[in-house]
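Please look through the sequence and the model shown below, and keep both at hand while reading.

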Amino acid sequence: MKRNRKYNKEIAKETLMNGLRHIVLLLGIGVFSSVLFSQDCDDGMVYMEYLSSEGPICVPTDFSTTNQSMQQAFYMFSTVTIDSEFVEPNDWVGAFNGDICVGARKWDTSICGGGVCDVPVMGYNGYPETSGYMNVGDIPTFKIYDASEEVYFNAMPSEDFPWAILGLYIIPFL
């Protein structure tokens with residue numbers, strides 16, 4: 001009987017050790033895969049997995065808090081400049097309601113329809129995640145993030161349009 005107890009203790013100890021080895025292996029794989037598959041972003045940018053249909057991207061920090069809403073409008077700008085210079089493909093345009101970012105777009109016109117990009121501007125949909133977002137009649141403000149300088153600029157559209165659900169606005173200049 002004594003011999004069986006010792007044998008049973010050895011089996012339990014061996015089972016525990018095998019379990020711990022598997023846990024350590026899984027943790028190691030998890031750390032490795034998070035390092036392998038995560039994105040290193042430049043200063044001033046944050047890695048976002050859910051923001052783009054093309055997959056995970058780096059987003060300017062001030063533009064990274066936007067939540068998706070079913071209430072949306074789209075502001076299209078034919079030309080976007082900083083001090084009369086066209087923005088670069090890595091620059092971003094963000095829309096704000098007060099100090100709350102309600103939408104943003106990387107301004108790479110080579111992937112926008114006809115070379116004109118839009119900024120989706122989210123509205124309040126009754127859920128806490130969109131509190132402070134646009135309501136009908138609000139006028140969004142815009143900022144440009146210059147990725148090469150890591151600087152935000154307040155931007156003035158050539159025309160102001162009040163936000164409306166499913167609004168589509170074509171504006172010559174930002």
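C112 and C117 are both buried, where buried means under 20% relative accessible area, exposed means over 50%, and partly exposed lies in between (1.4 Å probe, protein chains only). These two cysteines are joined by a disulfide, with an S to S distance of 1.8 Å; a disulfide is taken here as a pair of cysteine sulfur atoms within 2.5 Å, and by this rule the count comes to one. The torsion about the S-S bond of C112 and C117 is about 90°, so the disulfide is right-handed. In general, a disulfide is a covalent bond between the sulfur atoms of two cysteines. Another cysteine, C101, is buried because its relative accessible area is 2%.

All of this comes from a predicted model, in which local features need pLDDT of at least 70 and side-chain atom pairs count only at pLDDT 80 or more, while totals for chains, interfaces and linings use all residues. Residues are numbered from 1 along each chain as its sequence is written, and side-chain values use heavy atoms, with hydrogens and water left out. The pLDDT, the predictor's confidence in each residue on a scale from 0 to 100, averages 80 over the protein, and 73% of the residues score at least 70. Over residues 19-38, however, the pLDDT is below 50, and this stretch has two contacts in the model beyond near neighbours in sequence, a contact being heavy atoms within 4.5 Å.

C117 also belongs to strand β8, in which six of six residues are buried. Strands (E, at least two residues) and helices (H or I, at least four) are DSSP runs numbered from the N terminus. On one side of β8 lie C117, V119 and V121, on the other D118, P120 and M122, and all of them are buried, so that both faces are covered. In a regular strand, the side chains alternate between the two faces of the sheet.

β8 is part of an open sheet of three strands in the order β8-β3-β11, with mixed pairing; two strands pair if DSSP finds at least two bridges between them. β8 (117-122) and β11 stand at the edges with a single partner strand each, so one side of each is left without a neighbour in the sheet. The twist from one strand to the next averages 25°, taken between lines fitted to C-alpha atoms, with angles from 0 to 180 degrees between N-to-C directions. β3 runs antiparallel to β8, joined by six bridges, and Y75 stands opposite V119 in β8. With β11, by contrast, strand β3 (residues 72-79) pairs in the parallel sense over five bridges, and M76 has I170 as its bridge partner there.

A further open sheet has four strands in the order β7-β6-β9-β10, with antiparallel pairing, and its edge strands are β7 (100-106) and β10 (151-155), each pairing on one side only. Within this sheet, five bridges join β6 (residues 92-97) to β9 (residues 141-146), and W92 stands opposite Y145 in β9.

Where does L174 lie? L174 is placed in the segment after β11 (168-173), and it is buried because its relative accessible area is 7%. Among the residues that L174 touches, not counting those up to four places away in sequence, are F77, V93, F142, I144 and P157. The C-alpha atoms of L174 and P157 are separated by 4.3 Å, although these residues are 17 residues apart along the chain.
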